[in-house]
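Let's take a walk through this structure together, starting with a pair of helices and moving on to a sheet.

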Amino acid sequence: MTITRRDFLQGTALAVGSTAAARAAAPTAVATAGGFSGQTDALNATAHALRDDPARWRNTVAERDEGVEDLVVVGAGISGLAGAHLYQRHAGRPVRMLVLDALDEVGGHARRNEFVSRSGRRLIGYGGSQSLDTPSFFSPAVSGLLQDIGIDLQRFDTEFYDKGWAARHGLVRQGRFFDSEVWGREAMVIAGHDDTPAQWLPRTPLPAQAQADWVRIADGEPHPWRGITPAAARTRLAGMSYRDYLLQVWRADPALATCLAHTTRPYFGVGIDATSALDAWASGELPGFDGLDLGDAADRRMSPSGRLLHTGEDDYIHHFPDGNHAVARALLRAMRPELLPGRGMETLSDAVLNTAALDDPAAALRVRLRATVVALRHLGPPQQASLVELRYVDGQGRVRLVRARHVLLAGWHRSTARLSDEIPAAQREALDDQVKVPLVYVTALLSNSRAWQRAGIASIQAPGGFWDDASLDYPVNLGAQRAPASPDEPILLHLSKVVVSGDGSDPRLQSRIGRALLMGWGFEHFETQMRRLLQGALGAHGFDFARDVEAITINRWAHGYSYEYMRPWDRFWPAGALPVAAARRGWGRVAIAGADSGAYAYAHSAIDQATRAVQQLLPQARLPAWSRFPGPPPQRIGL
């Protein structure tokens, strides 16, 4: 039985037939119940001050760090750590490197949550970047780096990922919870994976017209565009949102659009009001396209994620217990083995990271956390200078200076735009185009999964509701982390929400509105919304929120997914000048990496961009080929 990335878009979490997952990422620590993790107010404070006054620290008195670094990396996420690893390997001599990061843990968006259950069992989950997606599309640079740091992806297929776990436990049906606040009455609808909409829709609170419209659209009623050529149909689809496609082309009831509004958010970062109808077709699961002859090839006007969905066939199984945080750990181990005891993939998640030694002055690589870089300048004309000076605010609020022969900026583009007056105005404008998509990942420790087994589901969709999805943890058996053998054992639950306005406006504006909403919600708000969903969906099956939820961690990513280009908003895509091409240009002794540089929120994109940036800093090195284009390689794309 195969599990594809498309399964997760349509709602298959742990085996064929349940709910959606998501994407994004960040660091390492024991998650606390009743609190926030990720980009907290305290950790964001200095960056927000930089946003409001970019020149604030450029001429203030600062204490200088001793010595000169060969490389300073700004950002301890996957791209920054990958860049440090590549620089160390290809510099041709021993080097001294310092990594600075504003967060309190390494990994950037590849964050980890850790819990100890009442039974004493230690459970490790992901609080950000989930999985290594579609390895068949990885560039030689990505594949080579993963091999260098001891990650063999084939072992997930043969050893680590238990593809039959959900079926063995009877978790093979689909669950949809309709909240009374949205639909007038509460309903939990459970259906078999092969059930047609006509079989389960009558149990929903959708208006009769919306139900009828879903059935006629899904059952292949003659398409309103009968006789149109495939090329003309694709052009029309690229020029409208999927919501407009439903309402204007199919004349569907608005309640149907409300019911499907969330379906594209976890993968595209926007709802159906801002996802092109062409990308909706690429997903392979949303209704309304059966009557169209569109051919089989992917279309260049699809977003990068749309092309990946349309052409990618890899099983979605390349997942560590702590998600891609394990990749960050593998990078640290490769550079400084003493930081993470043990050998092999089996120990990556279980080993205890020696955080006290991260900033050891004697080490060739140091990682300094709670250090926000606020200014950068070359000591002389950039093309002639031999040193770069950076200012950063440390965890005690002190302004410090560090000097380096090379700098790798692997943070957010909008922060980079405010670091230096050496950046030309046109490049600063291009950097500002990367308005990141806000999201929240919740990890909850459940004392058992008995209610889920009684319901026969591994995940829950919430059409029109607060959450995009809620899914039981991936069945990965790696080291001491094992998928539960019984529903009586503790298990982790993941809930996600991409926080956008959903009002049909430009996605960049939707993200700004969503970020303000996200930053205004307290922990109690999230807990209340969790209770509404879980108790409403599973209460009839014996679930008790107060009894069964042992701990909760809210991983808040106000600056989450990198924005990827998409129609109908970005008319320059894909043939025009891409803002990211201008944004990521290095200058002098500075290079720019990070997922923003690829306009693509994937771990493999972060590694590709690190490779490109290090090649710029070390032009004499022969690094493996990296992907120069957002998304799947161009040779996999049709007209």
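**A helix pair and a sheet**

Helix H3 passes helix H24 in a right-handed crossing (the near helix is turned clockwise from the far one by less than a right angle). This is a predicted model, where local features need pLDDT of at least 70 and side-chain atom pairs count only at pLDDT 80 or more, while totals for chains, interfaces and linings use all residues. Residues are numbered from 1 along each chain as its sequence is written, and side-chain values use heavy atoms, leaving out hydrogens and water.

H3 covers residues 78-90 and H24 residues 603-617, and they pack at about 40 degrees with axes 8 Å apart. Axes here are lines fitted to C-alpha atoms, for helices over the stretch in contact, and angles run from 0 to 180 degrees between N-to-C directions. The two helices are therefore oblique to each other (under 35 degrees is roughly parallel, over 145 roughly antiparallel, 65 to 115 roughly perpendicular, and the rest oblique).

Eight strands form an open, mixed sheet in the order E1-E17-E13-E16-E15-E14-E7-E8; strands pair if DSSP finds at least two bridges between them. E1 (35-38) and E8 (187-192) stand at the edges with a single partner strand each, so one side of each has no neighbour in the sheet. The twist averages 25 degrees from one strand to the next.

At the E8 end, E7 (residues 173-178) runs antiparallel to E8, joined by six bridges. There, Phe 177 stands opposite Met 188 in E8.

Terms used
Helix = DSSP H or I, 4+ residues; strand = E, 2+ residues; numbered from the N terminus.
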